Amino acid sequence: MVHQSHFTNNMSIYIQSVSQISVQKPLTEEWFDNPILPKEAFAQSIEPDYKQFIPPAESRRMGRLIKRAITTSLSALKKGGCEMPDAIISGTGLGCIENTEKFLNAVIDNDEECLPPTAFMQSTHNTISSQIAIRLHCHGYNSTYSNQGTSFDSALLDAFIQLQLGQIRSALVGGHDEMTPDYFNMLSKINYWRKEDVNVDMMRQCDKEINSFSGSCSLSMLVGTDHTENTLCRLADIELFHSPMPSQIRDSLFKMLHANKLTLSDVDAVVASYSGNPNVDRYVGHYLTQAMSEFPVIWYKHLFGESFCSSAFGIYVAAMCLHKRLIPKLLLYNPKDAEIKNPKNILVFNYFGWNPSQPNVSLSLLSI
Amino acid sequence: MDGIVVTGMGVISALGRGVEQTASMLLQEKSGVDKMRILKSKYTSLPVGEVHETTEELLDSLHYRRDKVITRTTLLGQVALLEATQMAKLQKGLLEGKRVAFISATTVGGMEKSEQLYHDFLYGTEHSEYIALHDCGACTNMIAEITEQDIHYSMLTTISTACSSAANAFLLAANLLRTGRADIVVAGGTECLSKFHLDGFNSLMILDDEVCKPFDKNRKGINLGEAAAYLVLESPQTAQERGVAPLCRYAGGGNRCDAYHQTASSPNGEGAYQSMIQALEEAGLQPSDIDYINAHGTGTANNDETEGFAVMRVFGDRVPPISSTKAFTGHSTSAAGALEAVISILALTRNFIPVSLNFKEKIDSLNFTPVTQTIRNAKLRHVMTNSFGFGGNDTSCIFSKL
Amino acid sequence: MDQLIEELKKEIIEVLNLEDKKPEDIDENAPLFGGETGLDSIDALELIVMMEKNYGIKLQNAAEGKEIFKSVRTMAEYIKEHRTK
């Protein structure tokens with residue numbers, strides 16, 4: 001057993017591969033060069049051909065989100081050259097909400113009679129991680145985080161710590177959230193996102209109007225301690241905070257940089273969770289101004305939309321920029337910024353706060 | 001002293017409020033499982049382990065207005081969190097420079113309110129403020145508010161692995177402490193009863209219409225329950241610096257996946273077996289060191305037999321005293337791992353072994369019977385508690401005397 | 001009886017989501033569970049719900065289903081005898 005006093009932070013942890021299903025072309029990185037710019041506030045994911053990954057006999061009971069999660073998991077494992085991860089850890093804000101609604105509607109409409117057991121069985125959040133485990137016959141560590149906008153961040157932190165401690169050597173970390181018309185409308189009601197059309201220029205203007213849009217997320221990421229030819233980048237650190245002062249973020253940033261023998265000038269950019277919702281973006285902006293004002297800002301929700309697990313795309317975008325040695329103009333929040341070549345270190349800042357006095361925040365550092 | 005210690009615990013369940021009441025009910029062999037009184041389900045004949053306080057009574061006890069926008073899952077969590085943090089003296093002034101993390105587990109979250117207000121959410125104009133309280137994470141965030149005068153949590157998160165959720169909170173807590181990411185962690189879980197999950201378990205036809213009989217040959221299923229429980233975990237050094245006397249040690253945990261079926265355990269209990277083995281390895285203990293097992297023991301045909309097989313695989317023909325306390329409390333799903341950790345620690349520190357209520361006849365295929373009479377003056381050094389969930393999310397934790 | 005069997009085959013395919021199967025692929029005398037059908041305890045629960053919804057038959061516990069769901073024919077026979085709608 002490893003104890004705190006013996007603990008040293010010298011283990012390198014890598015992001016080996018990522019695979020996603022979203023409003024962008026599924027299971028590819030085509031968005032990097034030819035992104036789809038969504039026009040609807042309730043943007044739909046593009047479904048791949050699931051039959052290539054899951055035989056119909058196996059998928060007959062699976063809801064949409066389970067199919068997506070298994071597909072991105074198998075795809076990420078293949079890309080990363082891994083057959084069996086040591087751990088499967090997912091983040092999901094709402095779990096399989098489609099099945100949850102199906103069961104909930106049945107409870108209400110049928111007065112608790114004749115209820116569909118399959119829908120209930122799939123309504124629990126951990127169904128995602130466990131269905132992946134069943135598909136892979138993986139007996140390793142298996143867990144699920146459901147903490148609103150830091151669900152994926154929590155899953156990644158758990159994996160990171162276990163890798164640091166040498167408890168595991170690889171982990172399949174996922175962020176999986178689907179959206180239904182009913183839940184979309186409910187969250188529109190409480191101003192989480194826009195109800196109708198959107199465009200990117202509107203999203204940039206952080207004024208009074210809500211311009212964020214809903215995009216579902218299924219992203220699987222293989223992380224591990226082996227550096228291979230497939231490795232995308234290094235995950236140098238990740239930290240979670242609850243209602244931090246900006247100065248705490250600044251302190252943490254310095255600690256992270258110091259631990260990795262870096263200085264402020266080594267950081268090429270910060271990925272921020274700007275969404276087009278001024279109620280949120282003003283706080284994101286506040287933290288950036290107070291704690292990370294020296295870096296160009298990358299954003300991603302204009303391409304992937306908002307969901308409880310959209311922070312997974314923040315890590316993904318940073319990893320791809322490092323891997324492709326380019327931060328393209330389309331990812332830069334400030335339209336005046338020019339593309340950045342050969343980035344070496346990118347920060348990822350994620351803010352979630354329905355209650356702005358108690359936000360949950362994460363800061364990660366990714367390096368080549 | 002090395003490792004991780006428990007310095008506080010808090011609990012509310014069908015057995016009542018607080019650790020003293022819980023211990024007293026266990027020692028008196030009094031079950032809290034009873035007729036449905038608070039949940040508004042049509043299946044009133046199903047016994048449940050309800051917290052015997054209405055939501056209004058919970059609100060009053062926490063000095064909230066009756067119209068406070070909050071869910072029952074959150075209220076239960078707040079009651080347990082207050083007790084745990086007070087016991088561990090997590091008070092302003094005693095936490096200077098200490099990072100305190102909060103990890104809470106739930107699956108049902110705000111469902112109990114959502115199922116009442118769902119048509120308003122969809123079609124109405126009222127009660128929209130409850131939409132933001134539906135999800136699991138919303139509960140954790142709001143639970144934390146009850147201690148905001150004393151504690152600023154440096155991070156918080158929510159685990160949702162169905163019936164093993166709260167036990168997994170302890171595993172993450174231990175790792176946060178081991179890596180120095182937190183100095184103190186409050187970890188556990190909360191779950192209130194809802195029609196949604198009562199009907200869900202009913203649709204799987206695994207609820208018993210009498211008080212459940214874990215490990216009995218003629219067991220018929222689960223009684224659902226509700227509860228919240230938290231432990232405060234920290235290093236012995238931190239506890240000493242703060243002048244807090246530890247209750248026991250957290251010796252280790254194991255999380256493994258059965259990877260067999262969404263609702264059924266594998267015939268030989270592979271995941272359960274591996275999680276117990278892993279917990280023993282992490283604790284650096286042999287099976288023979290375990291003096292008591294608080295079993296998952298839900299009372300379903302499938303769980304009790306496969307858990308029994310797994311126990312036999314780990315402990316051979318020397319199965320230590322084992323009991324399921326689900327007939328006392330009902331199965332409080334996401335909170336069960338924390339509730340039973342509290343029960344296990346009470347047993348460990350007060351030297352007794354709680355009985356497995358309602359047991360009459362041995363399961364043919366098992367080589368052991370559960371404890372049927374409270375064992376007092378039991379000399380316990382190490383206790384194991386099992387928490388197994390849907391999808392084969394199997395977790396075991398071990399607590400040891402100081 | 002034959003009509004009920006045909007009806008059941010269609011309902012089973014729908015309820016259990018057997019997308020790749022047609023009614024004629026199901027042998028009414030062959031075992032529904034075990035063997036190559038790949039059906040399990042959850043499918044049995046779905047069939048129990050279907051019997052209640054469509055034929056007004058309420059089973060008290062899942063074990064009763066074991067005999068009834070031996071084959072589509074045994075299922076039809078049971079439904080014919082016990083249906084209330």
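So, one definition before anything else: when I say buried, I mean a residue with under 20% relative accessible area, while exposed means over 50% and partly exposed is whatever sits in between. And keep in mind that this is a predicted model.

With that in hand, let's start with chain C. Buried residues account for 42% of its 85 residues. In terms of secondary structure, chain C has four helices and zero strands, so the pattern you read along the sequence is α-α-α-α. Its radius of gyration comes out at 12 Å, close to the 12 Å from the globule rule for 85 residues, so chain C is as compact as a globular protein of that length.

Now, where on chain C do we find a negative surface patch? Have a look at C:Glu19, C:Asp20, C:Glu24 and C:Asp25, which form one. Take C:Glu19 as the example: you'll find that residue in the loop between α1 (2-15) and α2 (41-55) of chain C. Residues in a patch need over 30% relative accessible area, and C:Glu19 is exposed, with a relative accessible area of 61%.

Okay, over to chain B. Here the count is twelve helices and 13 strands. Of its 402 residues, 70% are buried. The C-alpha trace spans about 60 × 55 × 40 Å along its principal axes. And the radius of gyration? Chain B has 20 Å, which agrees with the value near 21 Å that a compact globule of 402 residues would have.

B:Ser235 has a relative accessibility of 9%, so we call it buried.

Most residues other than glycine have a negative phi. Which ones go the other way here? A:Cys114 is one of them, with a positive phi of about 50° despite not being a glycine. You'll see A:Cys114 in the loop between α3 (97-109) and α4 (117-121) of chain A, and it counts as buried at 15% relative accessibility. A:Asn342 also has a positive phi of about 50°, and is not a glycine either. That asparagine is in the loop between β12 (340-341) and β13 (345-352) of chain A, but A:Asn342 is partly exposed, at 40% relative accessible area.

Let me show you a few.

In chain A, the side chains of A:Glu29 and A:Lys79 meet in one, at 3.7 Å from N to O. A:Glu29 is in the loop between β1 (14-21) and β2 (42-43) of chain A, and A:Lys79 is in helix α2 (residues 64-79), so this pair ties together parts that are 50 residues apart in sequence. A:Glu29 is partly exposed at 23% relative accessibility, and A:Lys79 is partly exposed at 30%.

Also in chain A, A:Lys301 bridges to A:Glu306, with the closest N and O atoms 2.8 Å apart. Buried or exposed? A:Lys301 and A:Glu306 are both buried.

In chain B, B:Glu361 pairs with B:Lys217, and the closest N and O atoms are 3.6 Å apart. This pair links distant parts of the chain, 144 residues apart: B:Glu361 is in the loop between β10 (352-353) and β11 (375-376), and B:Lys217 is in the loop between α7 (195-203) and β6. B:Glu361 is partly exposed at 38% relative accessibility, and so is B:Lys217 at 36%.

Last one, and here we get residues from chains A, B and C: A:Asp111, A:Glu113, B:Lys42, C:Glu52 and C:Lys58 are linked in a network of salt bridges. Okay, that's my tour, over to you.

Notes. Residues numbered from 1 in each chain as written. Chains lettered and ligands numbered in written order. Predicted model: local features only at pLDDT ≥ 70, side-chain atom pairs only at ≥ 80, totals over all residues. Heavy atoms only, no water. Patch = residues over 30% accessible without salt bridge, like charges linked within 9 Å, V, L, I, M, F, W, Y side chains within 5 Å. Areas by Shrake-Rupley, 256 points an atom, 1.4 Å probe, with all protein chains shown as cover. Salt bridge = Lys/Arg side-chain N within 4 Å of Asp/Glu carboxyl O. Lys, Arg positive; Asp, Glu negative; His and termini not counted. Charge placed at Lys NZ, Arg CZ, Asp CG, Glu CD. Helix = DSSP H or I, 4+ residues; strand = E, 2+ residues; numbered from the N terminus. Buried < 20%, exposed > 50% of the residue type's maximum accessible area, 1.4 Å probe, protein only. Rg over C-alpha atoms; globule rule 2.2 N^0.38 Å.
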